[in-house]
Amino acid sequence: MQSVLETCEAKMKKSVAALAQEYSALRTGRATAALFDKIKVDYYGQETPLSQVASVSIPEARLVVIQPWDKTLLAPIERAILKSELSLNPNNDGKLLRINFPPLTEDRRKELAKSSKNTAEQSRVAIRNIRREAIDEIKKLQKSGDISEDEQKDLENKTQKMTDSYIAQINDLATDKEKEILEI
């Protein structure tokens with residue numbers, strides 16, 4: 001019976017972590033190294049994460065500098081960034097890439113805020129589905145006689161409290177991301 005709660009909590013943690021990961025890759029008005037986490041570079045025929053072939057630094061709020069460890073990778077890195085869904089245009093000076101982040105338009109900010117709300121809602125639905133699965137499992141345990149009705153109610157209450165806690169975490173992440181997107 002404890003394993004039901006442990007499994008439920010592990011799944012809920014993964015849902016919140018997935019949302020945080022999704023939000024870190026969501027482009028706002030300022031530069032972050034996390035935006036480049038999903039970019040893969042053709043490194044001698046092998047798709048390799050950008051972070052494994054170059055250093056990504058943020059010297060200013062709207063500037064990213066990417067310095068490859070192997071100078072021959074400048075062009076493949078540039079191509080990978082241009083192909084990505086980030087809509088960024090890197091400047092290649094022969095040694096490193098500089099990427100300026102233009103300020104977002106008001107319409108784009110609103111669109112991103114709406115998108116972040118939808119992503120948060122998907123995470124809340126995932127948490128609720130995990131709760132439903134856990135409660136179904138608890139009811140099966142009670143029907144099979146493995147736990148009493150009192151234990152069933154206790155486990156269901158604990159599951160609900162856990163759900164409320166993770167939903168609150170999602171709400172906090174969503175609120176913080178929306179503020180970040182809408183600030184100028």
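Mentor: Here is a walk through the helices, then the strands.

This is a predicted model, so local features need pLDDT of at least 70, side-chain atom pairs count only at pLDDT 80 or more, and totals for chains, interfaces and linings use all residues. Residues are numbered from 1 along each chain as its sequence is written, and side-chain values use heavy atoms, with hydrogens and water left out.

Start with helix α3, residues 106-143. Helices here are DSSP runs of H or I with at least four residues, strands are runs of E with at least two, and both are numbered from the N terminus. α3 has 38 residues, which should span 56 Å at 1.5 Å a residue. The end C-alpha atoms of α3 are 56 Å apart, which agrees. The expected span is 1.5 Å times one less than the number of residues. Just after α3 comes G145, with a positive phi of about 90 degrees.

Next is helix α4, residues 149-182. α4 has 34 residues. From first C-alpha to last, α4 reaches 49 Å, close to the 50 Å expected.

How do α3 and α4 pack? Their axes are 10 Å apart, at an angle of about 170 degrees. Axes are lines fitted to C-alpha atoms over the stretch in contact for helices, and angles run from 0 to 180 degrees between N-to-C directions. That angle makes α3 roughly antiparallel to α4. The cut-offs are under 35 degrees for roughly parallel, over 145 for roughly antiparallel, 65 to 115 for roughly perpendicular, and oblique for the rest.

Look at the residues in this contact between α3 and α4. They divide into 14 nonpolar, 8 polar and 11 charged. Nonpolar covers Ala, Val, Leu, Ile, Met, Phe, Trp, Tyr, Cys and Pro; charged covers Asp, Glu, Lys and Arg; the others, Gly among them, are polar.

Now check burial in α4. Its buried residues include L155, T159, M162, Y166, I170 and A174. Buried means under 20% relative accessible area, exposed over 50%, and partly exposed in between, with a 1.4 Å probe and protein chains only. An α-helix has 3.6 residues a turn, so residues three or four places apart point the same way. D176 is also in helix α4. D176 is partly exposed, with a relative accessible area of 49%. The C-alpha atoms of D176 and K140 are 36 residues apart along the chain and separated by 39 Å.

Move to helix α1, residues 2-24, which holds S15. Is S15 buried or exposed? S15 is buried, at a relative accessible area of 13%. S15 touches S123, A126, I127 and I130, leaving aside residues up to four places away in sequence. Contact means heavy atoms within 4.5 Å.

Helix α2, residues 74-83, takes you to the strands. α2 lies across β3, β4, β5 and β6, running at about 20 degrees to β6. L74, P76, I77, A80 and I81 are the buried residues of α2. They pack against β1, β3, β4, β5 and β6.

The sheet under discussion is open and has 4 strands, in the order β3-β4-β6-β5, with antiparallel pairing. Two strands pair if DSSP finds at least two bridges between them. β3 (54-60) and β5 (91-92) are the edge strands, each pairing on one side only. 5 bridges join β3 to β4, residues 63-68. S55 stands opposite Q67 in β4. E60 is found in strand β3. At 51% relative accessibility, E60 counts as exposed. The C-alpha atoms of E60 and L97 are separated by 14 Å, though 37 residues apart along the chain.

Finish with β1 (residues 40-43) and β2 (residues 46-49), antiparallel strands joined by 4 bridges. K40 has P49 as its bridge partner in β2. V41 stands opposite T48. The hairpin of β1 and β2 has 2 residues between the strands. Y44 sits in that loop. Phi of Y44 is near 50 degrees, a positive value in a residue other than glycine. Most residues other than glycine have a negative phi. Y44 is exposed, with a relative accessible area of 64%.
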